[in-house]
Amino acid sequence: MSFKGKFGGALLAAVMSTTALHGAFAADDTIKVGVLHSLSGTMAISETTLKDAMLMLIDEQNKKGGLLGKKLEAVVVDPASDWPLFAEKARQLISQDKVAAVFGCWTSSSRKSVLPVFEELNSILFYPVQYEGEESSRNIFYTGAAPNQQAIPAVDYLMNTEGVKRFVLEGTDYVYPQTTNKILKAYLISKGVKESDILVNYTPFGFSDWQTEVSKIKAFGSAGVKTAVVSTINGDANVPFYKELGNQGIKAEDIPVVAFSVGEEELSGMDTKPLVGHLAAWNYFESVDSPANAAFIKEWHAFTKNDKRVTNDPMEAAYIGFNAWVKAVEAAGTTDTDKVLDTIIGVSVPNLSGGVATVMPNHHITKPVLIGEIQDDGQFQIVQQTPEVVGDEWSDFLPDSKNLISDWRKPMSCGNFNVATGKCGGKGS
Amino acid sequence: MTSRLFLQAFQAILVLFVVTLAAPSFAQQGDPKPLIDQIGKADFAQAETLIGQIAATGDARVVPALQAFSDGDLYVRKSDSLVFIGKGSGANLDLTEPVTGASAGSAPKGAMTKLRINNNLRRAIRSAMGGLTLMSPDRGTRLAAADSVLRAPSAENLELLETAIAKETDGEVKTRMEEARAVSILSSDRPVEAKRAAITTIKGLGGREALGILSGAVATADPALKGELEASIKSINDTLALWDMVQNVWFGLSLGSVLLLAGIGLAITFGVMGIINMAHGEMVMLGAYCTYMVQHLIRTEAPWLFNWSLAIALPVAFLVTGAVGFVIERGIIRFLYGRPLETLLATWGVSLILQQAIRTIFGPTNQEVGNPSWMSGSFALGGLNITWNRLWILVFAVVIFFSLMALMKKSAYGLNMRAVTQNRRMASSMGIRTPWVDALTFALGSGIAGIAGVALSQIDNVSPNLGQSYIIDSFMVVVFGGVGNLWGTLVGALSLGVLNKFLEPSVGAVLGKILVLVLIILFIQKRPRGLFALKGRAVEA
């Protein structure tokens, strides 16, 4: 992104948020949409792209004539990678700026921080990133992958196609890797993998000295059984991790690494030649061959005025979430939260890989699972694609949550219905 | 009787017929071209079978095609579904025939489809190529072939391997081939005695590789061999345990060198000058971005200079960050001497401003900084696997440290600097321009942080957050080593590195880090001035 474009965007956002205060009476001719992504601090690396994507989607919608005959107006705020600030900014968006819906958050911590605000003020949040599941809120739509839409199919691929029998679950020490690894471990054991063939290992945020960890992986992999690494390592720590893998000569043919947090954006800062063949599991890759995707990429390059900007999975999730919201508002004829919550369930919109994403009663969506291999040009080559899978918010592989389901349709309207006791409530209530 | 004769004759004819029928198809199997063309239409599983068939032709001419397939350079022409090797960037691909290697003109990228490949196919290709290139006239190729057979042993390659060994004259290649033969024997149906000899050879090979091969064989091995196998595994494990200790020391020194690099600039600005400089990490970050800019220019303007990019980036980073440091000292810090709290807040503000400025100019995402070829890969030293980039960083850190030491102790400027920090008023009355020395010293510390950034760009992310991940470690090293003492910084960095790497394997990275912090807190309680406390009047000043 050019300096000018970025500065212009920030200026525009600043102007918008100040006019929002004074122009309350003008609210009738525009519909405001909140964009809650960190533009500074550690998470800016990932979230800035999503802010740009949201501005592009809103821009496109306005070119198509807006929504309900009104123009859409983006209200961009910067929660600065600070979790409590997310809640504050969310409150400001809903009560001061009176936005109709909010698109935002990246980390689970930020989502957990804003969840009570959205429930209290009864507004809607679209959350576009893959997450660990074990949550369901009346006011949040999870358009990224739940564990069964990413982690479990990836492990299946390793077992069935690569013949892997020994697993290293390597993650950054926070809630998403911890929960995902707990689910994966239970799943692997249910598939007959021995407990001694699973090594779970955590490293701190922003870890950069991977020598010991990588040699530990090497040692674990020399037991004469095909071994793979399942990586839930968070953003920044990935570059030194992959560099160390490359330098210590761990090839994808010997010990493949499948990652859940490494996409085109993360690879764009890396020399990927030593990494060819390592895997990632997502619901979308930029290399997806479909007319919808080609059009989306073209639009993105035109909007950012930079034809080197890559697209990634959370962008597709934002695209789906935004379009589903637009469709639901059109069906309801209003942006009123309760009415939109009713109409949005069952709404189907096209995704970018040529299929359809449907919003399910558990506020998750249907997604295909794609396994891709890293290529030397920083893109992924898709080696497997499943049909659409319904997101499962309460994992079937954790003893605490296997009996829970979520259904926000009336009359059930419950996020944690226990099918064993027949009551609403339990974990997460 | 006649009918039987007739029947026999008929059978003979039938056999003859079958043989003649089979003959051309056999000959066809000898020609790899149609098989390669079939890959164009095959899915992953079919392609794997085809690679096996191609390897079975024994035709070494297919090697370039297989290599191209593995590298992702094999294409199928959309118009006639023939397969070619395609090379070249831009809109057009230069095509070559896969078997004969003859040029087949060029074609626009749109007319060709790249053949997809996955890890299973890469493995199949590796094994096929190993068998095909064992007799190659090139020594390096043969060595690589023996390596790939060793990694992907198969009973089919065994006879090939034995012929190759008989012909081999080069000692190293021959040993490698014999090791590969031993591994292949282990997975074949050769008699127990041969396998026993093989186990001894593999045991001699040692290391993780041998361990993997032997452990893999335990489950399916002949009961007579079990004891032998387990004894070998135990002996390799014992050797490895020893090497693990050595490896931990090496990893520790390497981590220590990174800590030293990160902390050494701070040892000057904080240690010698007493400025709590929260913007130190951002100086490191600016140095890394200088490297990126230099590499970016080299990539577009003078690609042949790429291996020199770091050498060019060093002075650039030193001057740029030194200048930034100079401006910060003259613009902000000089008004705040003697007010540590305000200095802390002001430099912290500066760090935020610098971070956001870089984010606005370059974007929030990581920038790609490449490793020159002499900093990539690793080499084996006994049971140790030493990566080149870590080794060079260790060397670099030590060189920087001693140059700085020499500057402080041997030069006139160093003398002035020590005079000013020890007794400002006395130095001033001797005619030293103390404000000027202050500014230069801060610039020097910043400049050193900048060149540390050049080195760290080789192992870490080049992003606006780079500095933040080093600031705490830097302060930790300087405080632990003893404020104001460069030797303390050296010993502090290396001992923290080694301590960390000895804790990590047993308690994990997260707990290891916590334990190190706790130990430092306890240590500071005991010795508030760190490992090497300064003595004398300067301490009280």
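Which residues in H11(B) meet which residues in H18(B)? I started there. From H11(B) I listed Val258(B), Leu261(B), Ala262(B), Ile264(B), Gly265(B), Ile268(B), Thr269(B) and Val272(B). From H18(B) they meet Thr441(B), Phe442(B), Leu444(B), Gly445(B), Ser446(B), Ile448(B), Ala449(B), Ala452(B), Ala455(B) and Leu456(B).

**Ground rules.** I am working from a predicted model, where local features need pLDDT of at least 70, side-chain atom pairs count only at pLDDT 80 or more, and totals for chains, interfaces and linings use all residues. Residues are numbered from 1 along each chain as its sequence is written, while chains are lettered from A and ligands numbered from 1 in the order in which they are written.

**Helix pair in chain B.** Helix H11 covers residues 223-272 and helix H18 residues 434-456 of chain B. (Helices are DSSP runs of H or I, at least four residues, strands are E runs of at least two, and both are numbered from the N terminus.) I noted an angle of about 170° and axes 8 Å apart; the axes are lines fitted to C-alpha atoms, for helices over the stretch in contact, and angles run from 0 to 180 degrees between N-to-C directions. H11(B) and H18(B) are therefore roughly antiparallel, a label for angles over 145 degrees. Their contact has 13 nonpolar, five polar and no charged residues. (Ala, Val, Leu, Ile, Met, Phe, Trp, Tyr, Cys and Pro count as nonpolar, Asp, Glu, Lys and Arg as charged, and the others, Gly among them, as polar.)

**Between the chains.** I found 51 residues of chain B in contact with 51 residues of chain A, contact being C-beta atoms, placed from the backbone, within 7 Å. H10(B) gives the most to chain B's side, with seven residues. By class, that side of chain B has 13 nonpolar, 27 polar and 11 charged residues.

**Pro240(A).** I looked this one up in helix H8 (residues 238-247) of chain A. Leaving out residues up to four places away in sequence, Pro240(A) touches Ser208(A), Trp210(A), Ile459(B) and Asp460(B). Is Pro240(A) buried or exposed? It is buried, with 21 other C-beta atoms within 10 Å; the cut-off for buried is 20 or more, with C-beta atoms placed from the backbone.

**Domains of chain A.** The assignment gives domain 1 (23-145 + 291-368) and domain 2 (148-289 + 372-390); such bounds come from an automatic or database domain assignment. Their C-alpha centres lie 28 Å apart. I noted 24 residues of domain 1 in contact with 23 of domain 2. On the domain 1 side, the largest share, three residues, comes from H2(A).

Most residues other than glycine have a negative phi, and most peptide bonds are trans. Cys105(A) is not a glycine, yet has a positive phi of about 75°. Cys105(A) sits in the loop between strand S3 (101-104) and H4, and counts as buried with 30 C-beta neighbours inside 10 Å. His363(A) also has a positive phi, near 65°, and counts as buried with 27 such neighbours. Lys410(A) and Pro411(A) are joined by a cis peptide bond, omega about 5°.

**Confidence.** Mean pLDDT (the predictor's confidence in each residue, from 0 to 100) is 89 for chain A, with 93% of its residues at 70 or more. Where pLDDT is low, the predicted coordinates should not be read in detail.

Definitions and conventions:
Two residues are in contact if their C-beta atoms, placed from the backbone, lie within 7 Å. Angles under 35 degrees count as roughly parallel, over 145 as roughly antiparallel, 65 to 115 as roughly perpendicular and the rest as oblique. A residue is buried if 20 or more other C-beta atoms lie within 10 Å of its own, exposed if 12 or fewer, and partly exposed in between; C-beta atoms are placed from the backbone.
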